[in-house]
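Reader: Could you walk me through this model? I'd like to go topic by topic, with the cut-offs spelled out as we go.

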Amino acid sequence: MHEIFFYFLVALTALSSLSVVLGRNPVNGAMSMILALVGTAGLFAMLGSYMLAALQILVYAGAVMVLFVFIIMLIDIPATAAYRHHWGTLVAAILSTLTLGGGLTFLFLAPEFRQSMPDIAGAASNGSGLVFSSQAVAYGAGLMGKYMLLVQVIGILLLVAMVGVIVVSKDLRATNSGKSLPTPPSN
Amino acid sequence: MPGKVKEIERKPLSLAEKTFLPQIVSGLKVTCANMLRKKVTREYPDVLPPIPPGYRGMPTLVKDPDGREKCVSCQLCEFVCPPKAIRITPGAIPEGSPDAHVEKAPQEFEIDMLRCIYCGMCQEVCPEEAIFLQNKFTLNGLSRQELVFNKERLYEAGGTLQDQHFKWKKKKESEEHGNAQH
Amino acid sequence: MDWIQLAIEAGFGLAFIIVVMSMAGLTVVAERKFCGFIQGRLGPNRTTIPILGSIPFFGRLITRMGLFQLVADGSKFLFKEEIVPGHVNKFYYNLAPIVALIPPLVPLVVLPFGQMTLADGTIRQLIIANVDIGMLVILAFSSLGVYGTVLAGWAANSKYPFMGGIRASAQMISYELTMGLSILPVFLWANVPGSTEGLSIANIVVFQQTHWFVYLQPLTALLFLVALFAETNRAPFDMAESETDLVGGFHTEYGAFKFGIFFVSEYAHVIVGSGLFVLLFLGGSNFLPMLPNPWPVGIPGAILSTLWFIAKTSALVFFFIWIRWTLPRFRYDQVMNLGWKMLLPVAIANLVFVMVLLATITPVAAQ
């Protein structure tokens with residue numbers, strides 16, 4: 001039963017990821033990406049990490065991809081946008097794929113890696129608690145305790161990014177010329 | 001008129017007004033009151049609307065209380081009818097009839113209800129008060145031919161109306177008493 | 001794997017779907033009926049089924065209540081010709097109604113619909129999957145709900161549906177933030193320090209046995225309600241289908257049963273949203289605030305509390321209808337202004353306020 005679900009989800013994720021990369025139609029690509037994210041969420045759920053699965057769907061499939069779809073529709077990219085081959089890109093893609101694939105294969109085959117993998121089944125059965133719990137409180141404790149500094153740093157990073165976006169998107173020099181546009185009535 | 005224009009300064013909204021909530025609540029009150037009010041729907045085929053006096057419904061031919069058909073086929077209505085919905089074939093009243101002194105009656109009288117515009121001019125022009133637009137306002141049929149009403153159907157729809165003058169009866173009586181006016 | 005347990009849960013899930021779908025149908029009738037009442041009309045009251053309608057008293061009653069209209073509307077959608085316009089993207093055009101209907105139905109598994117008092121006095125919340133991330137599941141699937149609208153708008157390949165889809169996605173992004181932020185204070189309040197209940201909705205219901213959140217946190221409730229209206233695409237936020245300026249919005253090119261599915265999914269969304277509001281703010285299956293629950297022990301109590309929950313939900317669905325026929329539709333920029341410039345700051349302020357309040361009160365209450 002579990003194996004069927006697992007292979008189904010893996011096939012779903014892999015095929016839809018391929019479709020994202022190979023497809024020409026941007027909307028098809030976005031929809032395939034949603035499917036891939038949902039498949040990944042399913043894999044998370046099969047690992048017993050329901051919280052992560054829910055967050056994956058909520059944040060990525062539900063919010064980020066809505067933005068993607070929104071932008072794709074708003075700027076209306078033609079489905080047959082020409083793809084120009086670029087030798088540099090091709091070489092870089094092949095190199096990075098080989099490096100990543102090779103590295104992963106090496107890691108999975110190396111005996112040291114297998115030993116360093118945490119004993120998931122053991123943690124679940126002997127109830128050695130909070131570290132591998134899928135409960136929301138475990139995530140909260142982690143975020144607000146051990147990784148507090150990281151959370152704060154990421155928060156500041158996001159704030160800086162937001163300020164940057166505002167500065168970039170607002171053309172500060174054009175404040176006078178902007179008056180020609182009628183301002184909508186404020187409420 | 002620049003002097004007469006009164007400029008009213010638009011006041012900024014108060015905090016409560018900015019939230020829209022008081023307005024929404026008052027709107028809800030209005031709709032709630034509406035919900036509880038008596039409904040204005042008339043359940044039409046079951047409850048017929050009151051017909052006001054002077055209503056111009058379907059044109060009909062009427063008989064007087066004695067059962068005499070009042071139309072004398074003068075064809076005034078046929079001439080006046082704006083959409084030419086009326087067609088009259090004049091005929092004579094046979095000698096032996098008690099109404100023989102009226103001399104004429106329609107042999108056939110047709111009103112095409114699909115052409116009729118319910119203007120009431122036929123009723124207005126009729127010197128004999130023989131054609132009336134009555135209360136019936138629902139007409140339907142399965143073919144165009146079915147809605148061309150002939151004399152029988154028009155009389156059937158019209159029935160008998162009270163007559164105020166009894167013009168022909170009085171004329172006959174006065175003739176019999178020897179003081180003919182005409 | 002315990003197959004019997006699985007079968008029971010699947011049966012419950014099916015029953016849940018049947019209940020919600022029939023409630024959706026009834027809501028359509030209720031909508032037409034109350035719309036009529038508000039406008040001084042009687043609403044649908046003529047449709048009848050030959051034999052059933054001539055049962056002495058009830059036949060007439062049901063006819064006058066317009067309940068047969070439900071059957072008439074449904075079968076009308078079924079028997080109409082399925083027209084697929086020539087210019088649409090066939091795959092997404094057919095996919096969109098499916099995508100629209102599933103998201104409102106999935107969250108049902110984490111809604112605690114009733115409670116059963118066992119013989120030893122313990123109270124069990126009736127719920128299909130009592131997971132500690134219940135709220136996240138609901139948020140996740142309700143956020144997927146917008147894809148039905150967006151896909152329909154895009155696949156129709158026609159300008160008004162397209163505008164509807166764009167509006168729906170923008171509105172979704174804007175109001176999801178407020179919704180999430182207005183749920184947090186409730187969970188902060190209900191979870192005492194050290195609690196492991198997490199984001200379980202059943203825990204919220206248990207917490208509300210004495211006091212309801214609607215008066216503990218009125219501002220939170222208001223924010224959540226407004227966000228709920230926006231998320232369910234109901235008036236005054238029905239920008240996606242605003243028929244005055246967008247013909248029919250995202251479902252302009254749809255007809256027959258596909259339109260029917262969109263129609264039903266909107267109402268299913270409303271019902272699930274109302275149920276969620278009842279669970280979070282109106283005490284779920286608890287009787288009344290500050291009164292002990294009168295539910296008897298065992299199955300009768302379970303049924304009574306479930307009915308009470310359904311009654312509360314129906315009342316809120318009525319409120320949805322009432323609002324729809326009271327308020328005019330917002331203009332699009334007003335929706336955006338309201339979402340980003342009013343609701344979001346207020347929601348953040350509310351969250352901070354509740355956090356500070358709890359941080360100061362809880363140590364006192366714990367003593």
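Reader: How many residues of chain B are in contact with chain C?

Author: In this predicted model, 18 residues of chain B are in contact with 20 residues of chain C, where contact means heavy atoms within 4.5 Å. Among the residues of chain B, B:L28, B:M35 and B:E43 lose the most area to chain C, and together they account for 37% of what that side buries.

Reader: And what area do chain B and chain C bury between them?

Author: Chain B and chain C bury about 1,500 Å², with 71% of it on carbon and sulfur atoms; buried area here is the accessible area (1.4 Å probe) that two parts lose on being put together, summed over both.

Reader: How many salt bridges cross the interface of chain B and chain C?

Author: The rule finds 2 salt bridges across that interface, a salt bridge being a side-chain nitrogen of Lys or Arg within 4 Å of a carboxyl oxygen of Asp or Glu. In one salt bridge, the side chains of B:D46 and C:R46 meet at 3.4 Å, N to O.

Reader: Before going on, what are the ground rules for numbering and confidence?

Author: Residues are numbered from 1 along each chain as its sequence is written, while chains are lettered from A and ligands numbered from 1 in the order in which they are written. Because the model is predicted, local features need pLDDT of at least 70 and side-chain atom pairs count only at pLDDT 80 or more, whereas totals for chains, interfaces and linings use all residues, and side-chain values use heavy atoms, with hydrogens and water left out.

Reader: What ipTM and pTM does the predictor give the complex, and what does chain C average in pLDDT?

Author: The complex has an ipTM of 0.76 and a pTM of 0.79. Chain C averages a pLDDT of 83, with 97% of the residues scoring at least 70; pLDDT is the predictor's confidence in each residue, from 0 to 100. Within chain C, confidence is lowest in helix 2 (residues 50-53), at a mean of 77, and highest in helix 11 (residues 218-231), at 88. Helices (H or I, at least four residues) and strands (E, at least two) are DSSP runs, numbered from the N terminus.

Reader: Where does chain A come in, and which chains have the most contacts?

Author: Among the 2 pairs of chains that touch, the most contacts are between chains A and C. Chain A and chain B do not touch, and their nearest C-alpha atoms are 8 Å apart.

Reader: How many helices and strands has chain A?

Author: Chain A has 8 helices and 0 strands. Of its 187 residues, 20% are buried, meaning under 20% relative accessible area, with exposed over 50% and partly exposed in between (1.4 Å probe, protein chains only).

Reader: Which residues form the nonpolar patch on the surface?

Author: The patch is formed by A:L143, A:M144, A:Y147, A:M148, A:L150, A:V151, A:I154 and A:L158, with about 750 Å² of accessible area together. Helix 7 (136-144) and helix 8 (148-169) of chain A are the elements that give two or more residues to the patch, and helix 8 supplies the largest share, 5 residues. For the criteria, patches are made of residues with over 30% relative accessible area and no salt bridge: like charges are joined within 9 Å, nonpolar side chains (Val, Leu, Ile, Met, Phe, Trp, Tyr) within 5 Å. Accessible areas come from the Shrake-Rupley method with a 1.4 Å probe, and for residues only the protein chains shown count as cover.

Reader: Why does A:I154 count as partly exposed?

Author: A:I154 counts as partly exposed because its relative accessibility is 46%, and its place is in helix 8 of chain A.

Reader: Back to charges: how many salt bridges are there over all chains?

Author: The count comes to 13 salt bridges over all chains. In one of them, the side chains of C:R32 and C:D73 meet at 3.1 Å, N to O. C:R32 lies in helix 1 (residues 3-38) of chain C and C:D73 in helix 4 (residues 67-79) of chain C, so the pair ties together parts that are 41 residues apart in sequence.

Reader: Is C:D73 buried or exposed?

Author: C:D73 is buried, with a relative accessible area of 14%, whereas C:R32 is partly exposed at 35%.
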